[in-house]
Structure formats: structure tokens, C-alpha cells
Amino acid sequence: MATIESYVNQSGKRYMVRYRKPDRTQTMKRGFRTKRDAEAFAATVEVSKLRGEYIDPTLARATVAELGPGWLNRKRQLKPSSFRPLEIAWRLHVEPVWGKQSISEIVHSDVQAWVTGLTVGDAKAKPPVKGKAAATVIRAYGVLAAILDEAVRDRRLPVNPARGVELPRRKKKPHVYLSHDDVSRLADVSKYPTLVRVLAYCGFRWGEAVALRVKDVDPIKRRIRIEQNAVRVDGKIHVGTPKGHERRTVPYPRFLSKAIDEACHKKHSDDLVFPGVAGYYMRPPHTGKNRVSWMDAAVQAAKVPRVTPHDLRHSAASFAVSAGANVKAVQRMLGHSSAAMTLDVYAELFDDDLDAVAIALDAAVSK
């Protein structure tokens, strides 16, 4: 049980509470003006210990800078392409603002003000600071909130003051869909015509396409196994499993057979189907300063809507739905984690299904 003692300092008579923490070590809290305040605190401590809700004040004094690196290090199990954005968000947006602050001093309103400031920027600053994209703000907030979540689980905080903050909404970028004629013209003037067609009709991510090896292609069944993903992070190519660690098999149409066979001709089974320089993984066609990528050049020459290799994946989804594929088939082709995700991303492609529902209901009522 806690004990209460009085003492005298320059401000007069005060009270202290001595008590044992759940680990049986003794501690105290001083500075209570009245014995009643000290008794109330002692009662609160005993109740929190009985409920398993006790928070050690010394642990709550830890700063965000002390806890952040450990949390970030535990995220290294993620793919490099997933870990890198977290590291950037911590280094640029979280640590500079919250690093020196004790986690027990963080309040909900301060977190909301920080999120709002990141979103709208500061026009009065010199030079003015522009607001960040919604994805950047949400990622930075997510890092801080996750660190504080871990503090709650470690019994450093009773609740997470960051939860419940209003976040900016991400603006969904409209998908660009090419027609079959667009894809044909784009491929014909491209430096890599077969790669363009495979992206547009198989729905591979860029990293999946450039990581394809000859042994992944089954020309008899016209199937391609997606086993790896080659992603560029910080100028280096990192090879791992596909997104979500989900390997899959995707069919390809008969009209691509000859081109894919030629891409695999006279190659070893472990050779890349679409190699880059010196047989290494092809780098994505990014446009640099005073530089036009092969993809941009092909888009301009073919006079098609501006697209990236990833936009060709959208076209593949469109072609599949137009050909009568249901949402489950499109999900498997694209490698989405669920059919719900496919619907979230490509809901507009299934408008005809909604029309079919209305027509069926109309027919049923008419009978």
C-alpha cells in the first residue's frame, strides 16, 4: 500500500506519496499541496495497478527521438520500396518537429495542428512553405501514430494522443485507358515493342515484367509465372517477391506468342526475358532533366494519351473487363490482395454490371 508523508520546503507544507510499482521497486511523487490530493493520487495508483493500467512516469518521459529509431529499425523487415518512404517521413517530417518532445507531453490538438500545417503549408513563412501532398502527410502522421501506438503497448502511455486526427483526403488520380489501336501504335514505335504489349495485355507491374526469366514462361499453356519483382530504390535494383508476397500465374493471348517466343529465343532458362544494359535488370523509363525517356518518345511519336508503364496495367484491366472477365479473374491477373481491392481501384470498369442488375430487376418486375 502507498504511504503518505509530509515535508516542508520554501513554499510551505507539502505531501509526498511513496508506493511500489508493479515490478516491486519503490518510487515516490512529491509536491501535493493537501493530504487529500496525495490520498487521491495514491488511490488512483492502486486502482491502476489492480487493473493492469499502471503507467511508469519515468517511461513516459521518453522522447520521440529516443523511441523512433527503434521503431523504424523494426520495420526493416519490409520490402525496401516500402521501408524507404517510412524512413524519409521520419527524417524529414517527424523527427524535426517531435524528436525532442516527451511522449507524455504530446496532446491531440498539437498533432492536429501539425497535420493541418503540413497539409496547407505556411504562406507567411520566408520563403513560403507549400502544403504537402495528402499521401505525404498521411505517411508522416502514420509514422508518429505508430510510434505512439507502440508506446501504449509498452505501457509508456495510457492512450495514443495522435489517434482520431482528421487527415487530408487523397485525390484519386484518374486512370488513363488506351484502346487496342493506341497500344498497337505505341508498341510499333517503341524501343521495346514486346514489353509494351505484355504490360498492356497481361497487367504486370513494371518490376514484375523486367524480372521475368525465360523459365517463367510456359509457351505451351501460354502462361507466365510471376515469381519476382525488381524495384529501384535509391538508384539500386532490389529483387524480391511480388507485391504482397503473392506469386501468381497469368495467361497471355495467342497473338503475343510469337513475340514472346522471340524474346526468349536462344536464351538460358535463367536469363531475363526483357534485359537492360549488359543483361541486367532494365531500369524504369524515368524522365530526367533535359532528358526524354524511351516511353515518352514513343508516346509522342504514337500520338496517344500520355501514359506510364504502370498506366498500361490499367489498360490491361480495361481490356479484360471488356472481354467479359469477372472481378475475380481481374483480381488474379493483376495480383490484387482481394476482389474488393480490384473493385475499389477499377469500379468504373464494372458500370455495365450495374446496368445489367437494373435490366434484370426491370424484367423481373415486368413479369
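What covers the buried residues of H14? The cover includes H12 and helix H13 (327-334). The legends below take this helix and other sites in turn.

The model is predicted: local features need pLDDT of at least 70, side-chain atom pairs count only at pLDDT 80 or more, and totals for chains, interfaces and linings use all residues. Residues are numbered from 1 along each chain as its sequence is written, and side-chain values use heavy atoms, with hydrogens and water left out.

**View 1. Buried side of helix H14 (residues 339-346).** Helices (H or I, at least four residues) and strands (E, at least two) are DSSP runs, numbered from the N terminus. Ala339, Thr342 and Tyr346 are buried in H14. They cover an arc of only 55 degrees around the axis, which puts them on the same side of H14. The arc is that of the directions from the helix axis to the C-beta atoms. Buried means under 20% relative accessible area, exposed over 50%, and partly exposed in between (1.4 Å probe, protein chains only). An α-helix has 3.6 residues a turn, so residues three or four places apart point the same way.

View 2. Contact means heavy atoms within 4.5 Å.

**View 3. Arginine 213, buried without a salt bridge.** This residue lies in the loop between helix H9 (206-210) and S6. The nearest side chain of opposite charge is aspartate 270, 5.6 Å away. A salt bridge is a side-chain nitrogen of Lys or Arg within 4 Å of a carboxyl oxygen of Asp or Glu. Lys and Arg count as positive and Asp and Glu as negative; His and the chain ends are not counted. Not counting residues up to four places away in sequence, arginine 213 touches Gln228, Ser269, Asp270, Asp271, Leu272, Val273 and Tyr281.

**View 4. An open sheet of 3 strands.** The order is S6-S7-S10, with antiparallel pairing. S6 and strand S10 (248-251) are the edge strands, each pairing on one side only. S6 and S7 are joined by 2 bridges. Valine 217 has isoleucine 224 in S7 as its bridge partner. Two strands pair if DSSP finds at least two bridges between them.

**View 5. Backbone at arginine 222, lysine 303 and proline 127.** Most residues other than glycine have a negative phi, and most peptide bonds are trans. Arginine 222 has a positive phi of about 55 degrees. It sits in the loop between strand S6 (217-218) and strand S7 (223-226). Arginine 222 is partly exposed, at 24% relative accessibility. Lysine 303 also has a positive phi, near 55 degrees. Its loop runs between helix H11 (294-302) and helix H12 (309-322). Lysine 303 is exposed, at 74% relative accessibility. The peptide bond from lysine 126 to proline 127 is cis, with omega near -5 degrees. Proline 127 is in the loop between strand S4 (121-122) and strand S5 (129-130).

**View 6. Cysteine 202 and cysteine 264, in no disulfide.** The count is 0 disulfides, a disulfide being a pair of cysteine sulfur atoms within 2.5 Å. The cysteine sulfur nearest to that of cysteine 202 belongs to cysteine 264, 12 Å away. Cysteine 202 is buried, with a relative accessible area of 0%. Cysteine 264 also counts as buried, at 14% relative accessibility.
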